[in-house]
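Here is a short briefing to read alongside the model. Let's start where the two chains meet and then look at each chain in turn.

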Amino acid sequence: MFSQPDRARFLPLAQLHALVAQLMQLGYQCLGPAVENGAIVMRELDAPDGLPRGLQAEQAAGRYRLTRDPLNRYFAWANGPQAIKPQAFAPKESLWRVERDDAGALQFAAVEPAAPAQAIIGVRACDLAALALQDAHFLPAGRRDAHYAARREQLFLVAVQCAEPGATCFCASTGDGPTPTAGYDLALAELAEGFVAVAGSAKGGAVLDALNLSPATPQQIDAARQQGQAAAAAQTRTLPGRNLREALMSRLEHPRWDEVAARCLACGNCTAVCPTCFCHAEADEPALDGHSSRHERVWDSCFGESHGYLHGFNVRSDIRTRYRQWLTHKLATWHDQFGRSGCVGCGRCIAWCPVGIDLTEEVAALTAEVRS
Amino acid sequence: MNAPMKNPVKPRVAVHKFSSCDGCQLALLNLGEDLLTLAGRVDLVHFAEAGPLDPDADVDVAFVEGSVSTPEDVERIRHIRAHSRLLIAIGACATAGGIQALRNGADGAQWVAQIYSHPEAISSLAQSTPISSHVKVDFELWGCPVSGAQMLAVVNSLLLGVAPRDNADKVCTECKRNGYPCVMVSRGVACMGPVTRVGCGALCPGLGRDCYGCYGPAENANTDALAAQFASLGLTPQAIVQRFQSINSQAPVFLAAADKIRMHGDG
């Protein structure tokens with residue numbers, strides 16, 4: 001976000017509400033951090049000054065606890081269980097419906113998705129990298145997913161540089177953070193007295209221009225840059241490389257798969273919180289009157305039973321093969337499919353695994369001989 | 001379940017009660033308008049709680065709530081089976097013996113003697129058992145109680161001539177689709193969601209509390225891993241046993257999990 005320092009502006013702390021107010025005025029439903037069930041989630045702000053200060057969360061494998069930021073910053077939290085994914089790739093939605101008319105013929109109709117203009121305030125570099133991967137899956141030329149596309153086009157993304165990575169974060173290792181580099185409309189870096197702000201799109205530029213802000217000083221830009229470097233240096237977890245395709249695919253019979261399967265609940269929480277996981281299931285929901293039916297799409301997981309079900313048999317009936325499918329797809333065969341790993345280093349799968357299985361630890365164990 | 005039931009001949013449906021609290025029947029009764037729509041498509045020949053009484057009628061589908069808990073129950077379920085094309089067990093009592101099956105691991109006669117002034121007036125079997133222990137069951141709908149939506153989905157499938165969908169995924173699946181943060185992670189509570197079957201819509205985690213397993217074991221339920229995590233959250237072996245020995249205590253997966261801890265710990 002610092003590639004064109006002359007374009008950077010400075011948004012004083014006291015003016016943050018003006019940014020939100022302007023987005024609201026432009027008709028955006030503004031989502032920002034809120035506390036729910038002991039976690040920081042993205043919920044609609046009811047007023048321009050509705051962004052909370054001082055939120056922070058301590059994260060560890062299988063553990064997430066809210067704390068207070070002693071510096072009372074707006075964005076000193078690393079990430080919550082979800083950011084952008086549910087807004088673009090809906091957890092459950094109707095794709096189409098069919099009705100039987102009086103003559104007995106079937107009439108099919110598309111279901112137009114509700115796609116409100118939404119601004120999400122506080123997304124992170126990892127979230128943006130993940131969104132680019134979701135775009136690659138849902139919006140390839142020639143087979144765009146209309147429902148995803150409708151919501152995606154309506155998003156206005158206000159990214160924030162991570163100053164305080166969680167203990168579960170490893171975006172520096174995957175090359176996806178902690179400073180946002182692409183994919184945002186606006187990006188902010190929070191300093192003591194305000195935000196270094198840069199636009200990443202025309203609509204972001206228009207919003208920034210309308211705020212009539214002073215240019216950020218070289219000192220402010222430098223402080224923000226250093227803050228990002230310090231956040232990267234503070235991360236303790238890593239992956240042993242950005243392309244683990246051969247390392248993992250040559251170890252499909254490694255005993256570690258059995259070991260992790262003994263600990264894994266196959267609950268699918270890792271896949272639900274993963275910002276790049278895109279698997280879904282489809283089913284028909286017939287109405288009770290027997291004359292119409294809706295075709296539904298819901299988030300699915302490779303840890304579930306039906307995901308591996310082919311006609312008459314299940315290709316992944318046990319937890320070992322399901323965990324292996326998840327990890328090898330995410331870190332290995334994703335390269336064949338999308339030209340990069342499917343992991344953006346957000347660490348959500350580590351923090352939100354109810355039994356604290358740590359992907360970086362599993363990869364290290366699986367690839368130990370390769371690295372030595 | 002191969003022969004589809006064709007309209008316009010209305011399938012004859014019965015709802016029977018065994019040892020239970022009536023909560024699953026209430027799930028059906030509480031459907032309101034949907035129940036009226038349903039009543040237009042089926043012929044409800046026996047549903048004591050709603051009015052129609054004809055317990056001996058031949059029916060296409062019999063829904064059975066409750067566990068087999070008395071000598072009389074054993075005879076009655078055989079009779080119902082003989083008069084029903086399809087028999088569907090609904091709820092934790094009918095699928096796993098219910099809360100009353102907690103007596104299965106205890107001396108029930110002694111409890112009766114302690115509680116009732118005339119224990120000889122009580123005629124109950126030593127064990128409370130699911131319907132499938134006595135007769136062939138065509139489909140099981142788990143839950144305590146089952147939800148109205150589940151009931152409708154089953155009836156609807158049968159009306160369309162297809163087998164009902166048997167979704168044995170974990171509660172976590174529904175929990176995450178609803179956008180609820182994991183309470184085990186954010187609050188350290190001993191949630192049964194990761195080993196429990198979907199169906200309730202993650203009701204308890206949605207209210208900020210832990211799942212207590214009323215929908216019974218999910219497929220591939222890794223109870224060992226969950227018990228180990230409960231221990232690291234600070235639960236005693238006895239408390240862990242109690243998590244598995246609740247509403248679905250006799251569901252084989254939950255019973256085995258509890259027995260394993262009892263053998264290895266002081267639970």
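The contact between the chains takes 36 residues from chain A and 32 residues from chain B, where two residues are in contact if their C-beta atoms, placed from the backbone, lie within 7 Å. This is a predicted model, in which local features need pLDDT of at least 70, side-chain atom pairs count only at pLDDT 80 or more, and totals for chains, interfaces and linings use all residues. Residues are numbered from 1 along each chain as its sequence is written, while chains are lettered from A and ligands numbered from 1 in the order in which they are written.

**Where chain A touches chain B**
- Elements giving two or more residues to this side of chain A include strand S3 (39-44), helix H9 (256-263) and strand S14 (292-299); helices (H or I, at least four residues) and strands (E, at least two) are DSSP runs, numbered from the N terminus.
- This side of chain A has 21 nonpolar, nine polar and six charged residues; Ala, Val, Leu, Ile, Met, Phe, Trp, Tyr, Cys and Pro count as nonpolar, Asp, Glu, Lys and Arg as charged, and the others, Gly among them, as polar.

**Chain A as a whole**
- You will find 14 helices and 16 strands in chain A.
- The C-alpha atoms of chain A fill a box of roughly 65 × 65 × 40 Å along the principal axes.

**Domains of chain B**
- Chain B is split into domain 1 (12-160) and domain 2 (171-264), with bounds from an automatic or database domain assignment.
- Domain 1 of chain B brings 13 residues to the contact and domain 2 of chain B brings twelve residues.
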